[in-house]
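This report describes a protein model for a computational reader. The sequence and coordinates are shown first, and the description follows.

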Amino acid sequence: MALSAFELYSIGIGPSSSHTVGPMRAARLFADGIAEQGRLEEVARLKAQLFGSLGATGHGHGSDKAVLLGLEGEDPETVDTETADARVAAMRARRLIRLAGRHTVAFDADTDLVLHRRKSLPTHPNGMQFDAFGEDGELIVSRIYYSVGGGFVVDEHATGADRVVQDPTVVPHPFNTGAELLAICEQEGISVSEVMWRNERAWRSDEQIREGLLRIWAVMQECVEAGFHAEGCLPGGLKVPRRAPAMYADLTADTGTPDPLHVMDWVNLFALSVNEQNASGGRVVTAPTNGAAGIIPAVLHYYWRFVDGADEDGVVRFLLTAAAIGILFKQNASISGAEVGCQGEVGSACAMASGALCEVMGGSPQQVENAAEIGIEHNLGLTCDPVGGLVQIPCIERNAIASVKAINAARLSLGGTGIHTVSLDKAIKTMRDTGRDMSIKYKETARGGLAVNVIEC
């Protein structure tokens, strides 16, 4: 089993990787499957059902919109984010969709798209069922999918460890734990990023790896820049105002007064800008999820803007190192807020950014592992309690806080030897165990915490 960095970083649409990107991919898989069987023309009616966390917070996360677009054959990376809302409104008004973009089918979103708020499917909280019926009402095709975090989708046959998407590709340096990763680094005399680079060659050429990662970086930059200039309130009933434009104006104004926390303000801005774009359904990079999409870009922008000697080679190393750490979380715990709470999203992203920054600032593999451990240790127990089921409160500010925390974790590690008491593997296991013990109301259901103590406007 192997995971590529390009599976952890995917270009998609906000506001949620598990609730928007995953459902869109699942719906497209269902539609494409019918087309591949040559049965599109037999379909007269469809039904889609969302369960568990998808059903509980799907409206706030845009899951219903994602399903409709996916059934029409759209992909999260290429869907037009500017016209998506208008397209969905038209589908709802006409009560028709173009299945796989080719065959018109009756579909009344008010009755044929069901969000079950308190009903779940086995295996994972983010379950979906799609059914296609013929003219006489007979069931033609039925499929169950699970959105298991970070936009990853598995079918109904996946259980347990299969929540990590299986890839039979043989890589030169396979690793499943932090200890194994460190052993490879020591044995080969290479960095964490070099381990990932060599493994990535199993899928792509050196040129493709570099170009692909720099494309990810370019989209992150575009997202940050777009957020600097997007005025107004975020969609949804909370009427949360965008803060990034005003912060950007303040930071770029020449006040003549030095501020020792000037850099931290920029890091906050980078994170807020990304997550405001995400909350509005804009184009973001899943890193490793959309709910935590601002952390890696914010810390990478910090490296690019404020670290002497920063260059594109460093950006590539940063993203590869972060991916290696993300793989450990994906394989040994979870990056799904619906499964382990926000510690699996913001916590894992914080650890990824901490370790990555440590490497590009000259840290050893041991210091990188220590930085990642610090990053997750101090996010353990973090709940996912989105107010109104929207990825706005507390999610946007939480990304800013975790970005600053990641930089601090890297600096703490760089000041040490890499020797520490709690290993990254133990911290990841603790996160997994904590997530299992956590009440369901704190795992992206909007039934606990801030979600019930803050009155929606």
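## Annotation and model basis

UniProt positions are given in the numbering used here, feature names are shortened, and annotations may be inferred rather than shown by experiment. In an unreviewed entry, UniProt lists residues 188-451 as "domain: Serine dehydratase-like alpha subunit". The end C-alpha atoms of residues 188-451 lie 49 Å apart, and the span is 61% helix and 2% strand. Helices (H or I, at least four residues) and strands (E, at least two) are DSSP runs, numbered from the N terminus.

The model is predicted, so local features need pLDDT of at least 70 and side-chain atom pairs count only at pLDDT 80 or more, whereas totals for chains, interfaces and linings use all residues. Residues are numbered from 1 along each chain as its sequence is written, and side-chain values use heavy atoms, with hydrogens and water left out.

## Confidence

The protein chain averages a pLDDT (the predictor's confidence in each residue, from 0 to 100) of 93, and 97% of the residues score at least 70. Over residues 160-164 the pLDDT is below 50, and this stretch has 12 contacts in the model beyond near neighbours in sequence. Contact means heavy atoms within 4.5 Å. Where pLDDT is low, the predicted coordinates should not be read in detail.

## Helix H9

Helix H9 comprises 24 residues, 206-229. From first C-alpha to last, H9 reaches 36 Å, close to the 34 Å expected at 1.5 Å a residue; the expected span is 1.5 Å times one less than the number of residues. Buried residues of H9 include Ile209, Leu213, Trp217, Met220 and Phe228. Buried means under 20% relative accessible area, exposed over 50%, and partly exposed in between (1.4 Å probe, protein chains only).

## Salt bridges

The structure holds 19 salt bridges, each a side-chain nitrogen of Lys or Arg within 4 Å of a carboxyl oxygen of Asp or Glu. Side chains of opposite charge can pair when their charged atoms come close. One of these bridges joins Arg28 and Asp32, whose closest N and O atoms are 3.2 Å apart. Both residues lie in helix H2 (residues 17-36), 4 residues apart, about one turn of the helix. Arg28 is partly exposed at 30% relative accessibility, and Asp32 is partly exposed at 27%. Asp64, Arg92 and Asp110 are linked in a network of salt bridges.

Asp313 pairs with Arg210, the closest N and O atoms being 2.6 Å apart. Asp313 belongs to helix H13 (residues 312-332) and Arg210 to helix H9, so this bridge ties together parts that are 103 residues apart in sequence. Asp313 is partly exposed at 42%, as is Arg210 at 29%. Arg317 and Glu359 also form a salt bridge, at 3.7 Å from N to O. Arg317 lies in helix H13 and Glu359 in helix H15 (residues 346-360), so the pair connects parts that are 42 residues apart in sequence. Arg317 is partly exposed, with a relative accessible area of 33%, whereas Glu359 is buried at 3%.

## The surroundings of Asp385

Asp385 lies in the loop between helix H16 (365-377) and helix H17 (395-414), and is buried, with a relative accessible area of 6%. Leaving aside neighbours within four places in sequence, Asp385 is in contact with residues including Ile393, Arg398, Gly448 and Leu450. Asp385 and Gly448 are 63 residues apart in sequence, yet 6.2 Å apart in space, C-alpha to C-alpha. The side chain of Asp385 reaches the backbone nitrogen of Leu450 at 2.9 Å.

Terms used. A polar contact is a pair of N or O atoms within 3.5 Å; within protein, one must be able to donate a hydrogen and the other to accept it, and residues adjacent in sequence count only if both atoms are side-chain atoms.
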